[in-house]
Amino acid sequence: MAEVIDLKDVWVSYGNTPVLEAVDLVVEDRDFLAIIGPNGGGKSTLLKVILGLVKPDRGSVRLLGDDPKKTRKYAGYVPQYISSNLDFPISVWEVVLMGCLGHKGPFRGYNEDDRKAAYEALKVVDMLDYRDRQIGELSGGQKQRVFIARSLVTRPRLLILDEPSTGIDSKRQREFYELLNRLKSEIAILLVTHDMSALSVYVDKVACLNRRLHYHNSKELSPKDLEAAYQCPVELIAHGVPHRVLKIH
């Protein structure tokens with residue numbers, strides 16, 4: 001299968017502080033990979049490296065087979081939900097159409113193809129009936145569906161989501177993950193999350209990151225991997241059922 005992400009021996013530091021160390025990662029087309037790990041473990045930095053927003057101190061990075069700065073426009077990105085940015089009076093339809101701007105020249109208006117893509121994207125995420133609503137009126141789960149639709153209008157080959165279930169109740173989280181489960185038949189998905197309960201049910205593969213990446217191309221992580229990353233009580237994921245294993249902290 002085609003590789004959409006290919007990282008080899010990636011190291012990143014901020015000043016004298018190491019953030020990523022010897023990271024190797026391959027994500028193939030239609031993979032659904034979740035990355036977990038403690039706060040400050042380098043997850044956000046890893047996403048920035050993949051998108052070409054942070055240049056590693058050493059190592060190679062390929063996104064869709066080329067330099068991320070050239071190819072990141074073909075990757076959809078859904079940032080962590082931040083409520084303070086959602087008070088601006090803009091409709092769901094307008095938010096989704098904005099996803100077309102990255103592929104257009106300056107001062108270019110929307111055309112019929114853009115509007116068709118926005119219509120189809122809203123249909124995919126089951127939000128077409130809300131297209132005239134203001135984005136600030138929606139629930140957390142509905143907003144995240146709209147943001148996914150915005151990222152889908154350019155028909156990306158990769159969807160990257162950073163803590164997408166933040167602020168969403170448990171019922172809406174399940175619906176949200178079921179949406180991602182449907183989307184993975186079309187594109188690769190890279191999910192950064194703290195939501196351990198969803199991992200064994202929906203994702204195909206799991207990696208654990210705390211400066212170093214623990215990844216075995218499967219959805220099962222060993223106790224050794226989790227302890228190395230968290231250095232505290234761990235929760236094991238095996239055979240589709242979450243198993244909580246707590247050690248002395």
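On one side of helix H4, Glu112, Asp113 and Lys116 are exposed, meaning over 50% relative accessible area, where buried means under 20% and partly exposed is in between, with a 1.4 Å probe and protein chains only. Helices here are DSSP runs of H or I with at least four residues, strands are E runs of at least two, and both are numbered from the N terminus.

Before going on, the ground rules. This is a predicted model, so local features need pLDDT of at least 70 and side-chain atom pairs count only at pLDDT 80 or more, while totals for chains, interfaces and linings use all residues. Residues are numbered from 1 along each chain as its sequence is written, and side-chain values use heavy atoms, with hydrogens and water left out.

Back to H4. Its buried residues are Asp114, Ala117, Ala118, Ala121 and Leu122. The buried residues of H4 pack against H3 and helix H5 (140-152), contact meaning heavy atoms within 4.5 Å.

Now the salt bridges. The criterion is a side-chain nitrogen of Lys or Arg within 4 Å of a carboxyl oxygen of Asp or Glu. By that rule the count is 10.

Which side chain meets Glu21 in a salt bridge at 3.4 Å, N to O? One is that of Arg211. This pair links distant parts of the chain, with Arg211 in the loop between E8 and E9 and Glu21 in strand E2, 190 residues apart. Glu21 is buried, at a relative accessible area of 12%, whereas Arg211 is partly exposed at 35%.

Arg212 also forms a salt bridge with Glu21, the closest N and O atoms being 3.4 Å apart. Arg212 is in strand E9, 191 residues from Glu21, and counts as partly exposed at 41% relative accessibility.

A further pair is Lys205 and Asp31, with closest N and O atoms 3.2 Å apart. Lys205 sits in strand E8 and Asp31 in the loop between E2 and E3, 174 residues apart. Both ends are buried: Lys205 at 12% relative accessibility, Asp31 at 7%. As for Glu21, Arg211 and Arg212, salt bridges that share partners join them into one network.

Last, backbone angles. Most residues other than glycine have a negative phi. Arg211 has a positive phi, near 70°, and so does Arg30, also near 70°. Arg30 is in the loop between strand E2 (17-28) and strand E3 (32-36).
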